[in-house]
Amino acid sequence: MQWETVIGLEIHAQLSTQSKIFSGSATTFGAEPNTQASLVDLGMPGTLPVLNAEAVRMACKFGLAIDAEIAEKNVFARKNYFYPDLPKGYQTSQMDHPIVGKGFLDITLEDGTTKRIGITRAHLEEDAGKSLHEDFHGMSGIDLNRAGTPLLEIVSEPDIRSAKEAVAYVKAMHSLVRYLGICDGNMAEGSLRCDCNVSVRPKGQAEFGTRAEIKNVNSFRFIEKAINHEVQRQIELIEDGGKVVQETRLYDPNKDETRSMRSKEEANDYRYFPCPDLLPVVIEQSFLDEIRAGLPELPVQKRERFQREFGLSAYDADVLAASRELADYFEQVNATCGDAKLSANWVMGELSSLLNKDGLEIDQSPVSAAQLGGMILRIKDDTISGKIAKMVFEAMAAGEGSADEIIEKKGLKQVTDSGAIEAMLDEVLAANAEQVEQYRASDEAKRGKMFGFFVGQAMKASKGKANPGQVNQLLKRKLEG
């Protein structure tokens, strides 16, 4: 039997506000446990929440970016459940009246095609604390620093049909929230977490299968692996005569498997009711107009402009526009050297390789955009060859100065004097007289292979400084003259 996978994702994005959603406590990551939890966060009797206006602004910003309906009136509710790191015994969230309604996000698939993924809703809520299970001699500790951190929970439609599509969607969402400046997207720190709702059904069947939810997956790689494992588990279970039960599961990356955590609760299990301490939030059109006017150029718009304005391929534009910081760096390089294709090649090639090797982000690059653009100018005006440029780039990365300073200091200027190159070629050909005779006696096919030998000898003799174009032109004339 052929099976179809159906996936819906819930992404929890921690909003980059200075303080929590209902209190003035700081949201800085990595502080000493329980040093950023106020009486409101602790759920002490008599305390009252005050809504953070910036969290509302960020949610609206997101809603406008996905072309969603923004609720004129949205209401906070209490989601009741007991967990040790939830001191109030409920989570303040939104149920029936979320701030962001239906929208969409377009993703680019591996074959270059675009697919639209529907977004059901996005609602504001507070994060819970964190249970710590190490160094407590068999007991657990509770850190409430994270309790009350504002979250935007983004719920997709079940439009995703494979693990790779799921990863593409999460990457697109990760890029979008970073472009908007509403979430830093740091998955390792838990700033962006994903719950994967996975089910399978016989191909052609309209009715959905029973889904399992994989909680809190925090990397692109683990999302793909967790979904693939869960799909295989469900198919094998059904084909062996069993039934998939609706439940919450955890992904164990060490064993590459999902395992049962608890039976899946229904919404009514949480006994939602409107929060009596918070008034409904009314969004005015003037507020949305102000936010819309301040929206940045979004990833899809930037990709399209890079292709239209700079003539980049869809692939190059997609890679460069994936990160706002990378896109800005590329544009600064191009503004310096005036060559978009060369800029893209160097940013995606040597620069990305350097950053990956050293585990650096683009804003930590040891080579500035102005430095890289200046070096590309020296390639364009034939001061250095592409091969020498790699030496210059390495020196810039080591902090040895600008391209011009390094070229001057190390004597790397390319030899473009035709007379000097001709004299050097005469010496190379004289030293390889036997190969010259073989070349002239050979057919076209063999000559092509042998020509590379002479070019290599010539570049070796010039220590890589001779202009490759001139070497090729003059060498061909001398060998065939």
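These legends describe close-up views of a predicted model.

In this predicted model, local features need pLDDT of at least 70 and side-chain atom pairs count only at pLDDT 80 or more, while totals for chains, interfaces and linings use all residues. Residues are numbered from 1 along each chain as its sequence is written, and side-chain values use heavy atoms, with hydrogens and water left out.

**View 1. Strand 1 is buried on both faces.**
Strand 1 covers residues 3-14. Strands (E, at least two residues) and helices (H or I, at least four) are DSSP runs, numbered from the N terminus. Buried means under 20% relative accessible area, exposed means over 50%, and partly exposed lies in between (1.4 Å probe, protein chains only). In a regular strand, side chains alternate between the two faces of the sheet. One side of strand 1 carries W3, T5, I7, L9, I11 and A13. The other carries E4, V6, G8, E10, H12 and Q14.

**View 2. Strand 1 pairs with strand 10 and with strand 9.**
Two strands pair if DSSP finds at least two bridges between them. Strand 10 (residues 192-202) runs antiparallel to strand 1 over 11 bridges. Here R193 of strand 10 stands opposite H12. Strand 9 (residues 150-156) is also antiparallel to strand 1, over 5 bridges. Q14 has L151 of strand 9 as its bridge partner.

Strand 3 meets strand 14 over 2 bridges. A77 stands opposite P274 of strand 14.

**View 3. F22 and F76 form an aromatic pair.**
Rings of Phe, Tyr and Trp (its six-membered ring) pair if their centres lie within 6.5 Å; planes under 30 degrees apart count as stacked, over 60 as edge-to-face and the rest as tilted. This rule gives 6 aromatic pairs. The ring centres of F22 and F76 are 5.5 Å apart and the planes stand at 80 degrees, so the pair is edge-to-face. F22 lies in the loop between strand 1 and helix 1 (39-42), and F76 in the loop between strand 2 (73-74) and strand 3 (77-80), so the pair ties together parts 54 residues apart in sequence. F22 is buried at 5% relative accessibility. F76 is buried at 1%.

**View 4. W346 and F393 form a tilted pair.**
Their ring centres are 5.9 Å apart, with the planes at 45 degrees. W346 belongs to helix 9 (residues 340-358) and F393 to helix 11 (residues 386-397), so the pair ties together parts 47 residues apart in sequence. W346 is buried, with a relative accessible area of 8%. F393 is buried at 3%.

**View 5. Ring pairs link F306, F310 and F330 into a cluster.**
Charges over rings are a separate topic. A charge sits over a ring if NZ of Lys or CZ of Arg is within 6 Å of the ring centre and within 35 degrees of the ring normal. R116 lies over the face of F104, at 3.7 Å from the ring centre. K171 lies over the face of F220, at 5.6 Å from the ring centre.
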